[in-house]
Amino acid sequence: MTNEAPADHDHVLTRTEGHAAYITLNRPKSLNALSRPMVLRIEEALSAWADDPAVARVVIEGAGERGLCAGGDIRAIHEDARTGGTATADFWRDEYRLNALIARYPKPYVALMDGIVMGGGVGVSAHGSVRIVTERSRIAMPETGIGFVPDVGGTYLLALAPGELGTHLALTGAPVGAADALVCGLADHFVPASALPALTRELAVDSVHAVMERHVAEPPAGRLSAAREWIDSCYAADTAEEIVARLLASGVPAAKDTADTLLSKSPTAVKVTLAALRRARRLGPLERVLEQEYRVSCAALDSPDLVEGIRAQVVDKDRAPRWSPSALADVTRADVDRFFAPLGANELRLAATGSSQEVVW
C-alpha cells in the first residue's frame, strides 16, 4: 500500500493497493463536502493514474458512516455570494472540469454511492462508469430549495431519465433510494452496504466484472415507477405554472403534495431549472451541458435567492426563505433568459474527447 495522504491536513486521501487506486473524501464532520482544493487533488490523482500501467481501476468512497458527499461547501458559497467574491466561480470551473474528466475517464471508475449523495457528490460519482448504490443511498439534486439550479452535470443526467422523472427530481429536489436511482439512470448496480468492505478489497486483486458478479443483488422496491403516469403527464407541461396546475388537478394525493413542495421552492430557481433541463435535451454531450450550467451558476451568484436560500436552510435554519420574486407568475421570461446569457471571456469551454463507453471492466 502506497501514497496514503495524511489525514490531518488533506481532505482527500489517496492510496494504491494491488491493481486499484482509491480516493476517499475525508471530511466526515461536514459530510465530505467538497472544496476547491479537494477538487484539484482529485483531478491531480486521476490524471496521474490515467497513465499509470499499474492502476487498472479507480474507486471513490466517502469517510464516515453518513454518505459519500453532501455537495459543495455551501456556507463558503453563501459568504462569497454575499460579498460579491469570485472564489465560487473559480471553484465551479474546476469542479465542472473534474465532472467531465470523470465521465471520459479511460479506466473503470467505481463510485460507492452509499448514504447521502447530493449536489457535488452526484458530480463526482454519477458520471462514473460503475456506479454502486446500497439500501442506505439517498441521492438528490436539492438546489431549488436554496435558490440554485442543479449543476455538476445534474441537468444532463436528469434530462436523460425516463419520461419526466428527471424533471420531477430536479424541480422538487426529492431524494431517491437505490431502486429509483437505477430506474432514473443515476446508478448501475445495487450492492448491500454490508458487502462494500469486501467489494472494495477485492477490487485490488480482481476485475470489476468479476467482483460485481459476486456482490450485485436486487434492491428494495422503489416508488417512482408506480408514479410514472401522473409524473409524466403533469411534468410534460410547457411552463412551471402549468405543471403546478396539473399536479393540483390530477386527483392524486401525492401529486398535490408535490405541488405544495414546488410552491415552497425558489420560483426563479424552479423556472430556470425547467428551462435548463429542456435545453439540456438538445445540447448533446455532457460538456455542452456543463458549459450551460456554468453560465447559469454564475448568474445565480448575482441572484438574491441563492444568498437567501442558503441563509434560511443552512445559516439561520429558520426554513422560511423570502424569495424574490415570491411567486412563479412574477418570474418573467427575461428573468429566466438572463441566466443563460453568454459570459464572454469568462465562458467555460470543455473539449469532448474520448468516451466512457470505451472502458472495459
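Figure 1. E291 has a relative accessible area of 15% and is buried, where buried means under 20% relative accessible area, exposed over 50%, and partly exposed in between (1.4 Å probe, protein chains only). An α-helix has 3.6 residues a turn, so residues three or four places apart point the same way. Helices (H or I, at least four residues) and strands (E, at least two) are DSSP runs, numbered from the N terminus.

The model is predicted, so local features need pLDDT of at least 70 and side-chain atom pairs count only at pLDDT 80 or more, while totals for chains, interfaces and linings use all residues. Residues are numbered from 1 along each chain as its sequence is written, and side-chain values use heavy atoms, with hydrogens and water left out.

Figure 2. Within helix α15 (residues 304-315), R311 and E308 stand 3 residues apart, which means a separation of about one helical turn. Their side chains meet in a salt bridge of 2.8 Å, N to O. R311 is buried at 12% relative accessibility, and E308 is buried at 12%. R311 also forms a salt bridge with D316, at 2.9 Å from N to O. D316 is partly exposed, with a relative accessibility of 45%. Through shared partners, salt bridges join E308, R311, D316 and D318 into one network.

**Figure 3. Packing of helix α11 against helix α12.** Two packed helices are described by the angle between their axes and the distance between the axes. The axes of α11 (residues 240-249) and α12 (residues 253-264) come within 7 Å and cross at roughly 150 degrees. Axes are lines fitted to C-alpha atoms, for helices over the stretch in contact, and angles run from 0 to 180 degrees between N-to-C directions. The two helices are therefore roughly antiparallel to each other; angles under 35 degrees count as roughly parallel, over 145 as roughly antiparallel, 65 to 115 as roughly perpendicular and the rest as oblique. The crossing of α11 and α12 is left-handed, a term used if the near helix is turned anticlockwise from the far one by less than a right angle, with right-handed used if clockwise. On the α11 side, the contact is made by I243, V244, L247 and L248, and on the α12 side by A255, K256, T258, A259, L262 and L263. Contact means heavy atoms within 4.5 Å. The residues of this contact comprise 8 nonpolar, 1 polar and 1 charged. Ala, Val, Leu, Ile, Met, Phe, Trp, Tyr, Cys and Pro count as nonpolar, Asp, Glu, Lys and Arg as charged, and the others, Gly among them, as polar.

**Figure 4. Packing of helix α11 against helix α13.** The axes of α11 and α13 lie 10 Å apart, at an angle of about 100 degrees. These two helices are therefore roughly perpendicular to each other. A240, E241 and I243 of α11 meet V270, K271 and L274 of α13. This contact has 4 nonpolar, no polar and 2 charged residues.

**Figure 5. The enclosed helix α6.** In helix α6 (residues 165-172), 8 of the 8 residues are buried, so the helix is largely enclosed by the rest of the structure. Among these buried residues are L165, H168 and L171. The buried residues of α6 pack against α5 (154-159), α7 (178-183), α10 (228-235), α11, α12 and α13 (267-283). G173 follows α6 and has a positive phi, near 75 degrees.

**Figure 6. Backbone features in loops.** N32, although not a glycine, has a positive phi of about 60 degrees. N32 is located in the loop between β2 (20-25) and α1 (36-50) and is buried, with a relative accessible area of 0%. K317 is likewise not a glycine and has a positive phi of about 60 degrees; K317 lies in the loop between α15 and α16. P325 is found in the loop between α15 and α16 (333-337), and the peptide bond from S324 to P325 is cis, with omega near 0 degrees.

Definitions and conventions: A salt bridge is a side-chain nitrogen of Lys or Arg within 4 Å of a carboxyl oxygen of Asp or Glu.
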